[in-house]
Amino acid sequence: MSERFSGLSMKTYFAGDNMITSLGFTTEENMAMFRNNVTGIRNHRKTDRLGIDCCISTVDGDRLDQVFSDFAKPDNYTRLEKIAITSARYAVERTDVDFKSPKTLFILSTTKGNIDLLENKKHPFGSDRIQLWRTAHAITAFFENPNPPLVVSNACISGIVALITALRMLKYSHYKNIVVVGVDIASRFVISGFQSFKATSSTPCRPYDKSRKGLSLGEGGSTLILTSESSLATDEKLVLRGGAGANDANHISGPSRTGEGLYLSIQKTLESTQETAENIDYINAHGTATVFNDDMESIALERTKLATVPVNSLKGYFGHTLGAAGVLETSAAVASMRMNTLIATKGFHTKGTTQEINVIRKTKMKTINHCLKIASGFGGCNAGILISKDGTF
Amino acid sequence: MEPSEFSISHYCLIKNRRIILNGEKLIEEEAHGDFPSFLSSVYKTFGSEYTKFYKMDLLSKLGILTTDFLIDFGSRIKKYNENDIAIILANSQSSLETDARFLETIADENKYYPNPALFVYTLPNVLIGEICIKYKLKGESVFFVSQTADFDFLRIYSENVFRNTKTKAIITGWVDLDFKQNYESILFLVEKNDGSSTDSSPWSFTATSMEDLYFEKNLEESE
Amino acid sequence: MENLIAKLKVQIIEELSLEDLTPEDIQDDEPLFGEGLGLDSIDALSLVVVLDREYGIQIDDPEQGKDILYSIKTIAQYITDNK
């Protein structure tokens with residue numbers, strides 16, 4: 001094996017993070033809101049901006065433009081790009097990572113990108129701005145990064161897949177830092193689609209709860225900066241140790257009733273990192289609050305002997321943010337590890353899944369050395385990643 | 001230079017109403033009828049009976065047919081376990097052709113009937129899902145979007161997947177379809193060189209090799 | 001109701017992309033889901049759209065939906081009863 005890529009011994013650290021949701025524009029703001037049991041999911045009417053009756057979580061657009069105008073003209077960027085750029089800016093602020101370096105690569109994780117441009121044809125952005133690669137370029141050009149960005153569009157697991165992609169690229173290429181930006185906006189297009197699946201709830205979602213009726217869509221952005229340079233890692237030195245994906249090979253929209261793909265993803269993640277189920281302190285799960293997803297997760301967790309591990313879904317706070325979810329929720333998981341705090345699963349009151357799992361009901365302190373993050377999505381896709389504190393493995 | 005650990009054992013290209021499999025022209029259709037008719041015609045002539053085909057969107061139909069020919073309806077990957085095969089695809093248009101169709105079902109507020117059968121295909125990775133369902137593949141997969149086909153990146157990432165996981169074979173390539181139904185699809189079956197038949201495959205797993213096949217340079221030379 | 005049944009069969013074949021079936025292939029009484037025609041969850045949702053769009057009938061409750069969508073005949077009956 002070539003000496004250039006000594007991938008075998010190198011670790012991947014978290015160097016920076018950011019979360020933008022209805023609840024705030026930084027990780028700290030969001031975490032404070034979670035601790036205060038606040039949700040950003042609310043009712044919107046057909047006469048509001050999005051033009052459809054729904055119960056969702058959206059980013060404060062006025063605040064976004066206000067913040068953005070400090071460093072660029074808001075009119076020159078789409079809503080999604082503003083969220084993504086603002087998020088990446090905040091993430092890099094307290095780090096020494098150089099966004100302009102040729103050794104820094106950007107990965108954009110999104111399901112629909114600037115989909116609002118498809119619906120609202122009278123926009124000033126040019127016909128190719130609807131293209132995901134063009135959107136990614138708008139972001140890297142803003143930061144003057146010389147490398148063509150990668151774009152991962154893999155349904156609701158895009159963020160986790162982007163992180164796994166980053167891990168593999170850091171291990172086997174010349175890149176030293178990879179900036180993973182996950183973002184998706186709320187749109188009539190997407191809301192209509194999920195409503196046609198009868199998958200949405202008219203009230204804020206209730207992950208794993210007996211009376212859950214469906215998901216709450218969310219708009220959000222998040223950035224995680226990964227690095228192979230130990231000196232650039234945050235003080236807590238959190239390591240992305242591994243991850244894996246697997247397909248259910250069952251149905252394009254319904255999850256496998258035996259949780260097959262998620263089970264395989266978790267197994268492979270643990271095997272490849274030589275970690276055991278007993279050592280996992282916390283699981284940040286997908287928990288969309290649809291009847292089928294949450295049941296499937298409970299089955300997969302039971303099959304992998306993780307049923308007693310404290311698990312939460314954070315979607316009760318900011319909804320299902322699709323392409324942003326994997327990055328956003330991993331940012332929250334990383335913050336939880338930093339603070340050694342398990343955040344309550346907002347919306348959960350009564351056990352309601354086929355298999356009994358240990359859903360976190362109240363926010364409380366706990367030493368978290370090892371965290372598993374999992375996700376599932378349309379197309380039968382599933383993925384998991386393992387994060388640990390350096391020195392604990 | 002080190003001998004490559006991997007090689008392309010088979011490839012299939014669908015472009016300009018032609019289907020090229022491992023350098024041989026399988027089909028060359030007359031230029032009449034639209035893209036959907038071309039796909040249906042190919043399916044009816046060559047396709048294995050798979051009723052789910054008709055429910056797929058055009059991008060998935062294109063990808064499934066390319067895969068069918070690539071792996072000879074599964075016979076070429078029979079030796080592998082369901083967890084051994086990874087699928088790494090990319091395109092430039094994501095699922096935009098289907099997105100436009102779904103939009104038609106909601107554009108008019110007075111004729112608002114969002115179609116779930118279309119909505120599910122407004123995610124390009126669902127094409128991968130269809131391949132996994134048809135051939136019972138439970139391995140790793142990812143869908144990338146880039147402006148042009150970057151075969152060097154697909155090679156690099158495929159090699160990363162081979163090194164980082166227990167994957168033994170990879171289906172990788174480019175399956176693209178735009179609003180105007182301009183299409184192109186090329187898929188490669190990449191296998192580890194393990195002393196078996198793949199060692200004698202004519203195509204090394206390199207960007208140059210893949211680009212030559214994509215641009216049909218091998219066919220130009222033989223004509 | 002005969003005409004309605006015939007019309008429904010055509011609509012279902014078109015809406016659900018059952019291109020290799022003809023109306024003659026679908027029995028009035030055969031179960032649409034599970035055995036019989038073997039339709040899946042997305043097909044069920046598509047049928048809900050057809051009922052709304054073509055007949056102005058809305059089904060919001062999945063449980064109620066199961067009974068209505070059992071066979072072509074039960075669908076036709078429901079439409080007739082709820083015109």
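Biologist: At what angle do α3(A) and α5(A) pack, and how many Å apart are their axes?
Modeller: This is a predicted model, so take the values as computed. Helix α3 (residues 79-93) of chain A and α5(A) pack at an angle of about 40°, and 10 Å lies between their axes.
Biologist: What do you call that, and which hand does the crossing of α3(A) and α5(A) have?
Modeller: Angles under 35 degrees would count as roughly parallel, so α3(A) and α5(A) come out as oblique to each other. Their crossing is right-handed.
Biologist: Which residues make the contact?
Modeller: From α3(A) you have A:Leu80, A:Glu81, A:Ala84 and A:Ile85, and from α5(A) there are A:Thr135, A:Ala138, A:Ile139 and A:Phe142. By class, that contact of α3(A) with α5(A) has six nonpolar residues, one polar and one charged.
Biologist: And how does α2(A) pack on α3(A)?
Modeller: Helix α2 (residues 61-68) of chain A meets α3(A) at an angle of about 60°, with the axes 10 Å apart. That pair is therefore oblique as well, but α2(A) passes α3(A) in a left-handed crossing.
Biologist: Let's switch to chain C. How do α1(C) and α4(C) pack?
Modeller: Helix α1 (residues 2-15) of chain C and helix α4 (residues 72-81) of chain C are at an angle of about 120°, with their axes 10 Å apart. The roughly perpendicular range is 65 to 115, so α1(C) and α4(C) are oblique to each other. The crossing is right-handed.
Biologist: What meets what in α1(C) and α4(C)?
Modeller: On the α1(C) side you'll find C:Leu4, C:Ile5, C:Leu8 and C:Lys9. They meet C:Ile72, C:Lys73, C:Ile75, C:Ala76, C:Ile79 and C:Thr80 in α4(C). Classed, the contact of α1(C) with α4(C) has seven nonpolar, one polar and two charged residues.
Biologist: OK, interfaces now. How many residues of chain A and chain B are in contact?
Modeller: Chain A puts in 42 residues, in contact with 40 residues of chain B. On the chain A side, the elements giving two or more residues are α4, α5 (132-142), β5 (150-152), α6 (158-172), α7 (188-196), β8 (238-247) and α8 (260-273) of chain A. That side divides into 20 nonpolar, 17 polar and five charged residues.
Biologist: And how many residues do chain C and chain A give to their contact?
Modeller: Five residues come from chain C and five residues from chain A. Helix α2 (residues 41-55) of chain C gives the most to the side of chain C that touches chain A, with four residues. By class, that side of chain C has four nonpolar residues, one polar and no charged ones.
Biologist: What are the domains of chain A?
Modeller: The domain assignment gives domain 1 (13-232) and domain 2 (238-389). Their centres, taken over C-alpha atoms, are 20 Å apart. Domain 1 of chain A brings 62 residues to the contact, and domain 2 of chain A brings 55 residues.
Biologist: Which element gives the most on the side of domain 1 of chain A?
Modeller: That's α6(A), with eight residues on the side that touches domain 2 of chain A. By class, this side of domain 1 of chain A has 29 nonpolar, 25 polar and eight charged residues.
Biologist: Last topic, confidence. What is the mean pLDDT of chain A, and what is it for chain C?
Modeller: For chain A the mean pLDDT is 96, and 98% of its residues reach 70 or more. Chain C has a mean of 92, with 100% of its residues at 70 or more. The predictor gives the complex an ipTM of 0.97 and a pTM of 0.97.
Biologist: Where in chain A does pLDDT stay under 50?
Modeller: Over residues 1-7 of chain A, for which the model has four contacts beyond four places in sequence.

Note on methods:
Residues are numbered from 1 along each chain as its sequence is written. Chains are lettered from A and ligands numbered from 1 in the order in which they are written. This is a predicted model: local features need pLDDT of at least 70, side-chain atom pairs count only at pLDDT 80 or more; totals for chains, interfaces and linings use all residues. pLDDT is the predictor's confidence in each residue, from 0 to 100. Two residues are in contact if their C-beta atoms, placed from the backbone, lie within 7 Å. Ala, Val, Leu, Ile, Met, Phe, Trp, Tyr, Cys and Pro count as nonpolar, Asp, Glu, Lys and Arg as charged, and the others, Gly among them, as polar. Axes are lines fitted to C-alpha atoms, for helices over the stretch in contact, and angles run from 0 to 180 degrees between N-to-C directions. Angles under 35 degrees count as roughly parallel, over 145 as roughly antiparallel, 65 to 115 as roughly perpendicular and the rest as oblique. A crossing is left-handed if the near helix is turned anticlockwise from the far one by less than a right angle, and right-handed if clockwise. Domain bounds come from an automatic or database domain assignment.
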